[in-house]
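Here is a short report for a first look at a protein model. Read it with the structure open beside you.

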Amino acid sequence: MKCEWVQENVLLYVYNELADDARYELEQHLARCPECAAELKATRAFQATVSRRPVQEPSPNLLASSRMRLQEALESTQPGGFWHRLTFDPASWLRQMRFSPALAAVIFIIGFGGGIGAMYKMTPSATGTDAKIVEPITQPAIAESSVTGIRSVVQEPGSNQVRIKYDTVQTEEAQGSLNDQRIQQLLLFAARNNYNSGVRMDSVDLLTQKPDQKGVREALIYALRYDTNPGVRLKAIEGLGAFVKDDVRVRDVVLTALMTDNNQGVRTQALLLLEPVKADGTVRAALQHLAETDQNQYIRSQARTVLAQLPEID
């Protein structure tokens, strides 16, 4: 066994990630090599220092953007990749788990989140399926890390009652008014994180009914800026329309959509929403740029029409 191999794998040894045979060989080498023993001592000191540091929880925006990027990566993955190996080559998957401390940490976090989800009080479903109906009044707030996905969002016709099926370690269901904190929390989660674009669209559509509530406007801004589905972005921009005049953040994200979105419907809606603030210097400059250079004839024509209504700048 060479010193180079030992120094490359000493971190795995410290975190108990080496196989038994490799661990034995490494220990035998450490007993007769002072340099590698010093490397082990330094690595353990580093581990002790790191373990005393407080664990920083990721922000909701970071979680959401990471999950969206993961979703896009999974959707573009060719057959025969990761899922193929997971299904048809479990031995390779297990070897990857064994030699990856980071992966082991992720699995621990998922298991911990699942444990939290299992602690929630549940009542049996009337249908006898795996779905559970959770009492919205008596249940605590949902830990976002314990929700693995939203299966469906359905509003009861003619009312503000909403039924949401979501997954933790199993499919569960919450039912209640749009005013219920639990329902709002699940809708916000679905709007940012769910892998199903139809569910995201339903969630954003419901959130637009209460866009002035805390957190909802931020979710709509996020959907307009980052969602990969143009239908979801269109729903989000419709919900933000009433705030373009008074909220600079909304104005900026709508202006960004006008300039950079790849969907003509979203851009057209953004142009209409910005008309009340067309005299704003930034909006005026953007309209001038579009009127001169935009590739879309309709956008170019509409930008010229709006500019023609503005007074000349002295």
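Helices α9 and α11 have an angle of about 5 degrees between them, and are therefore roughly parallel to each other. Roughly parallel stands for angles under 35 degrees, roughly antiparallel for over 145, roughly perpendicular for 65 to 115, and oblique for the rest. The axes of α9 and α11 lie 9 Å apart. Such axes are lines fitted to C-alpha atoms, for helices over the stretch in contact, and angles run from 0 to 180 degrees between N-to-C directions. Ser-197, Arg-200, Met-201, Val-204 and Asp-205 of α9 meet Gly-231, Val-232, Lys-235 and Ala-236 of α11. Contact here means heavy atoms within 4.5 Å. By class, this contact has four nonpolar, two polar and three charged residues. Nonpolar covers Ala, Val, Leu, Ile, Met, Phe, Trp, Tyr, Cys and Pro; charged covers Asp, Glu, Lys and Arg; the others, Gly among them, are polar.

The model is predicted: local features need pLDDT of at least 70, side-chain atom pairs count only at pLDDT 80 or more, and totals for chains, interfaces and linings use all residues. Residues are numbered from 1 along each chain as its sequence is written, and side-chain values use heavy atoms, with hydrogens and water left out.

The protein has 15 helices and four strands. Helices (H or I, at least four residues) and strands (E, at least two) are DSSP runs, numbered from the N terminus.

| Element | Residues |
|---|---|
| α1 | 3-14 |
| α2 | 20-32 |
| α9 | 197-207 |
| α10 | 216-226 |
| α11 | 230-240 |
| β2 | 149-155 |
| β3 | 161-167 |

Of the 314 residues in the protein, 38% are buried. Buried means under 20% relative accessible area, exposed over 50%, and partly exposed in between (1.4 Å probe, protein chains only). Helix α10 is mostly covered, with eight of its 11 residues buried. Among them are Arg-217, Ile-221 and Tyr-222.

The largest nonpolar core has 52 residues. A nonpolar core is a set of buried Ala, Val, Leu, Ile, Met, Phe, Trp, Tyr and Cys residues joined through side-chain atoms within 4.5 Å. Ile-150, Leu-224 and Val-254 have the most contacts inside the largest core. Leaving aside residues up to four places away in sequence, Val-254 touches Leu-224, Ile-237, Val-244, Ala-270, Leu-273 and Leu-274. A second, separate core of 12 residues includes Leu-12 and Ala-22.

Strands β2 and β3 run antiparallel and are joined by six bridges. Two strands pair if DSSP finds at least two bridges between them. Val-153 has Ile-164 as its bridge partner in β3. Gly-149 belongs to β2 and stands opposite Asp-167. Gly-149 is buried, at 12% relative accessible area. Five residues lie between the strands of this hairpin, where Gly-158 takes a positive phi near 75 degrees.

Most residues other than glycine have a negative phi. Asn-16 is not a glycine, yet has a positive phi of about 60 degrees. Asn-16 sits in the loop between α1 and α2. Asn-16 is exposed, with a relative accessible area of 56%.
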